[in-house]
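Please look through the chain that follows and keep its numbering at hand.

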Amino acid sequence: MDDARWMGAALALASRGRGRTAPNPNVGCVIVSAGKVVGRGWTQAGGRPHAEAMALAQAGEKSRGATVYVTLEPCAHLSPRGPACADLLILSNVARVVVAVGDPDARTDGAGIARLRAAGIVVDVGTGESAARAAMAGFLTRLALERPYVTLKLAMSLDGAMAMDSGASKWITGPAARAHAHLERSRHEAILVGRATIDADAPTLDVRLAGLEDRAPRRLILSRVPAFAHPDGDSGAWENVSAPEAIAAITGVDHVLVEGGPATAAAFLAADLVDRLLLYRAPILIGGGRTIADIGVSDLADAHGRWRLTDARALGSDRLEVYERVRTRAAAAPPGARG
């Protein structure tokens, strides 16, 4: 019970770094001694310091004989940006380390746990594994599939319309749902829309929540035309993506939020590049509005079993449903880039 409780605290800390740590994972760490937290940390913006280093610096001598809860296996490789966390834990004389999930980065992949055990530290693995995988989905997807983790946001009416037949879509959902969508923006390194959305709405795609304004993601446009004149005259702040598959080549991005219209949504769904759906449903009927274009489903049987509901909640008068793509875990992951 205590292990689950403290790992939950570490997972909460890990969420603070989501969308800001790529190519490093957003890890959380809590150090507990005599039932009290003596150190806590999470991976900082840009990937350093690591969560363990931050927590150990806070704990100081209180880390001796303590138990460390960390959401990812402590790294074991040397880096010009800092020492290996496994070595820091050994030098701090901690007694036990509880790890949620092993690090698939080929430079660590079990070596961190092995080094800790060789130093006489008790290591337990698996507490909170499922939640940790969800929290670090971007990092793990980049290693396993060599591309960012993609979330598709859809705001629609009860009858599935994403916009009026004229293309007007402001606003289908209410203030609470829009605020939640801005929170989601802050948790992604990049946000993508289609050319039609640029031309119709000239969106800024910033984060308009007090205290999170500096977390606005990089702005991507899905367009086969490499150069364009953005309506607000700020064309240089936009990065072109020629096709959904091209997101794999974007550096420093492990989470992409797709906010485009029906055609952009269909393109990513047809390419099977959507890992998570955010479905904001407003209690309105439009009739004859614009819906998602063809995604290549020719048989209803093929549409079943692909999505799993993971969350549902009311946001004011609207309803949010979160779905995750059902995929088999990759048998092996290519070398990673945790620095």
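Tyr280 has Leu320, a residue of strand β13, as its bridge partner, and this pair belongs to the stretch in which β11 and β13 are joined by 6 bridges and run antiparallel. The model is a predicted one, in which local features need pLDDT of at least 70 and side-chain atom pairs count only at pLDDT 80 or more, while totals for chains, interfaces and linings use all residues. Residues are numbered from 1 along each chain as its sequence is written, and side-chain values use heavy atoms, with hydrogens and water left out. The strands named here are DSSP runs of type E with at least two residues, the helices are runs of type H or I with at least four residues, and both are numbered from the N terminus. In general, the strands of a sheet pair through backbone hydrogen bonds, in either a parallel or an antiparallel way.

Strands β11 and β13 are part of an open sheet of 8 strands, whose order is β9-β8-β7-β10-β6-β11-β13-β12 and whose pairing is mixed; two strands are taken to pair if DSSP finds at least two bridges between them. At the edges of this sheet stand β9 (238–241) and β12, each of which pairs on one side only. Neighbouring strands are turned against each other by 25° on average, with direction ignored. Helix α7, made up of residues 175–186, lies across β6, β7, β10, β11, β12 and β13 and runs at about 160° to β11. Such angles run from 0 to 180 degrees between N-to-C directions, and the axes behind them are lines fitted to C-alpha atoms, for helices over the stretch in contact.

Helix α9 (residues 262–270) also belongs to this part of the picture, for its buried residues pack against β6 (149–156), β7 (190–194), β8 (218–222), β10 (255–258) and β12 (307–315). The buried residues of α9 are Pro262, Thr264, Ala265, Ala266, Phe268 and Leu269, where buried means under 20% relative accessible area, exposed means over 50% and partly exposed lies in between, computed with a 1.4 Å probe and protein chains only. An α-helix has 3.6 residues a turn, so residues three or four places apart point the same way.

Strand β13 (residues 318–325) is also the place of Asp318. Which side chain of opposite charge is nearest to this buried residue? Arg178 is, at 6.7 Å, and Asp318 has no salt bridge; a salt bridge would need a side-chain nitrogen of Lys or Arg within 4 Å of a carboxyl oxygen of Asp or Glu. For the charges themselves, Lys and Arg count as positive and Asp and Glu as negative, while His and the chain ends are not counted. The side chain of Asp318 does reach the backbone nitrogen of Gly174, at 2.6 Å. Leaving aside neighbours within four places in sequence, Asp318 is in contact (heavy atoms within 4.5 Å) with Thr173, Gly174, Ala177, Arg281, Ala282, Pro283 and Arg313.

Another open sheet is formed by 5 strands in the order β2-β1-β3-β4-β5, again with mixed pairing. Its edges are β2 (36–42) and β5 (122–125), each of which has a single partner strand, so one side of each is left without a neighbour in the sheet. From one strand to the next, the twist averages 15°. Within this sheet, β3 (residues 67–70) and β4 (residues 96–99) run parallel and are joined by 4 bridges; Thr67 has Arg96 as its bridge partner in β4, and Tyr69 has Val98. Both faces of β4 are covered, with Arg96 and Val98 buried on one side and Val97 and Val99 buried on the other. Helix α4 (residues 111–118) lies across β4 and β5, running at about 150° to β5.

The peptide bond from Ala22 to Pro23 is cis, with omega near 5°, and Pro23 is found in the loop between α1 and β1. A cis peptide bond also joins Arg48 and Pro49, with omega about -5°, and Pro49 is in the loop between β2 and α2 (51–59). Glu146, which is not a glycine, has a positive phi of about 60°; this residue lies in the loop between α6 (137–145) and β6 and counts as exposed, at 52% relative accessibility. Asp272, which follows α9, likewise has a positive phi, near 55°, in a residue other than glycine. Asp272 is found in the loop between α9 and β11 (276–281) and is partly exposed, with a relative accessible area of 28%.

Terms used:
A polar contact is a pair of N or O atoms within 3.5 Å; within protein, one must be able to donate a hydrogen and the other to accept it, and residues adjacent in sequence count only if both atoms are side-chain atoms.
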